[in-house]
Amino acid sequence: MIKLFFFLVPFLIILFSQEIRGVLFTLDDPASLDLRPVLRLKERPTPAEFEEIYAPEEYAIPIVLEHKPDVDAFDPSLFTRSALREVCGDFPLVEENVEECYSSEEEKRKSSQCHSVKYRDTKKNDQIWAGLQYADPVGENITTFGDLLEAQDNTNSTTTSEGFSNWYLHDAPLSEVCPPLVSKLFVPPYFTRDYSLIQFVEFSPESIKRGTIFPSIFVSKKGTGSGLHADGGRSRFWTRQLSGRKLWRISPPSQYDKLYPTKKRFHSPTIFQASIIEPDFVAHPKLDKAIVYETILEPGDILFVPGGWAHEVRNLEDAIMIGQNYHDDHVLQQRKLYSESWRKVYEDVGLDNALMPIGPALLDDSTNKNETTNGMDYASFYRAQCLPHAPVPSHLRQWFEREGRESLEAYRDPKTGLGLLQLATYYHYVAVVKYLIDEVGMDVNELDHDTGSTALDISETQKGRTKLEKFLKERGGMRGSEIKKQISQEL
């Protein structure tokens, strides 16, 4: 009896260990995800409310803004597969000016520099981003948007990577595959600031017709989707469902370890082994009780996803959507913590200055923050990322109203040492230059304390500033050397 007891003890210990108990008693305590619904807002918040309640990094969660026909400038009839074929069918799907895209070697043709046509390879979810491989449309004589739509519709195969209905136009620049539709879409008022697109050069409306990244379009058939992934650089993104229904499952950065991450970018995981739509708790036992948010997007719905959240999608019907990654203040604060290159961007655009007098774009001023609006059309959106066209920031007006002209004149930028007028001129921030001179009453010929330069001096050292130079001269602007000479003659 004693021998039998000692013989059984090891087996009893194993039997009741935590790991084995979880496997043997699955009927009592089955493994499952901690599935939660994505918050859906039937009433639209104002941009100010969104920024205060939903945007801060410390408590940001995915949110669906349900379609409101009385608010959204969105015509669903423009975004059916037949409408896309009619309007965009002849536009090239494959980059025409890259020789490799028409190479005799298949691998050269299957490249991000050539096109955005992909298919999901479920065997490589843990190796490539979202499990998406590049297809070979040129090898199949599919070279226009219309060709792809026709190929997707003319096959019943959705289970093999070779089936055309499994091909997915994924994250393709709309300005390249269907330029006419860019003017039919709007950036919601909550997402109109994007520091990654800042330009200090003149804007041309022609520049958004070809070659701009956003908005990007996704065109897919029922049953397709992407594997679990997170967007690089912890960028935030928003998407609008244009047609069809799409299942989303989204998991926060706090759950990374449970998702079996395999690769990182900018110190943040972007590729994962596990699936949160088809979880395999035997292969990935740590998935048990992982926090996952779920929603199904309907046509017109807008989804906001905070930076770094892993997500996986399935198209429940033939679906079309647009999407856009963006970098607002919250993203920059996060990236500044660990990225030297982004720390430099952060400093270069003046964001280390708490007053932020020359903050790039400051697009919250482009719409009334206390009202819900359609947002901005893309021409206005790209123009607003360009400082020569950005509006006067509201905080600068409030500063003037609160403290008066003397406070603005006394300010010196801690990085450059320049005063506000010279700083605005340096960044070609036309609206601010005009505001400081015409409304605040600053002296157009104020000399910089250190360099002795005037705003006109600074403007003349930069290329392409003829309009700003003309304005400064119309207001009596002079070069520093001329002012010094004049003072010397008077003495």
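**Entry 1: terms and model**

Two strands pair if DSSP finds at least two bridges between them. I start there, as bridges come up first. I also note that this is a predicted model.

**Entry 2: one bridge, one pair**

I looked up R120. Its bridge partner in β5 is L132. I then checked the strands around this bridge. β4 covers residues 117-120 and pairs with β5 in the antiparallel sense. Three bridges link β4 and β5.

**Entry 3: the sheet**

Next I asked which sheet holds this pair. β4 and β5 belong to an open sheet of nine strands. I wrote down the order: β2-β3-β15-β10-β17-β8-β6-β4-β5. The pairing is mixed. Which strands are at the edges? I found β2 (39-41) and β5 (132-134), each pairing on one side only. From one strand to the next, the twist averages 25 degrees.

**Entry 4: a helix on the sheet**

I followed helix α4, residues 81-88. This helix packs on the sheet. α4 touches β8 (216-220) and β17 (319-326). I noted the angle between the directions of α4 and β8: about 125 degrees. In the strand order, I see β17 and β8 written side by side.

**Entry 5: S216**

I stayed with β8 and picked S216, which lies in that strand. Is S216 buried or exposed? Its relative accessibility is 2%, so S216 counts as buried; the cut-off for buried is under 20%. I then listed its contacts, leaving aside neighbours within four places in sequence. They are D171, A172, P173, L174, M321, I322 and G323.

**Entry 6: D194**

I went back along the chain to D194. Where is D194? I found D194 in the loop between β7 (186-187) and β8. D194 has 0% relative accessibility and therefore counts as buried. I also looked at D328. D194 and D328 are 134 residues apart along the chain. Their C-alpha atoms are separated by 5.4 Å.

**Entry 7: confidence**

Last, I checked pLDDT. The chain averages 79. I noted that 77% of the residues score at least 70. Where does pLDDT stay under 50? I marked two stretches. One is residues 157-161, with 10 contacts beyond four places in sequence in the model. Another is residues 205-211, with 17 such contacts. Where pLDDT is low, the predicted coordinates should not be read in detail. I leave the contacts of residues 157-161 and 205-211 as counts.

Definitions and conventions
Residues numbered from 1 in each chain as written. Predicted model: local features only at pLDDT ≥ 70, side-chain atom pairs only at ≥ 80, totals over all residues. Heavy atoms only, no water. Helix = DSSP H or I, 4+ residues; strand = E, 2+ residues; numbered from the N terminus. Axes fitted to C-alpha atoms, helices over the stretch in contact; angles between N-to-C directions. Contact = heavy atoms within 4.5 Å. pLDDT = per-residue confidence, 0-100. Buried < 20%, exposed > 50% of the residue type's maximum accessible area, 1.4 Å probe, protein only.
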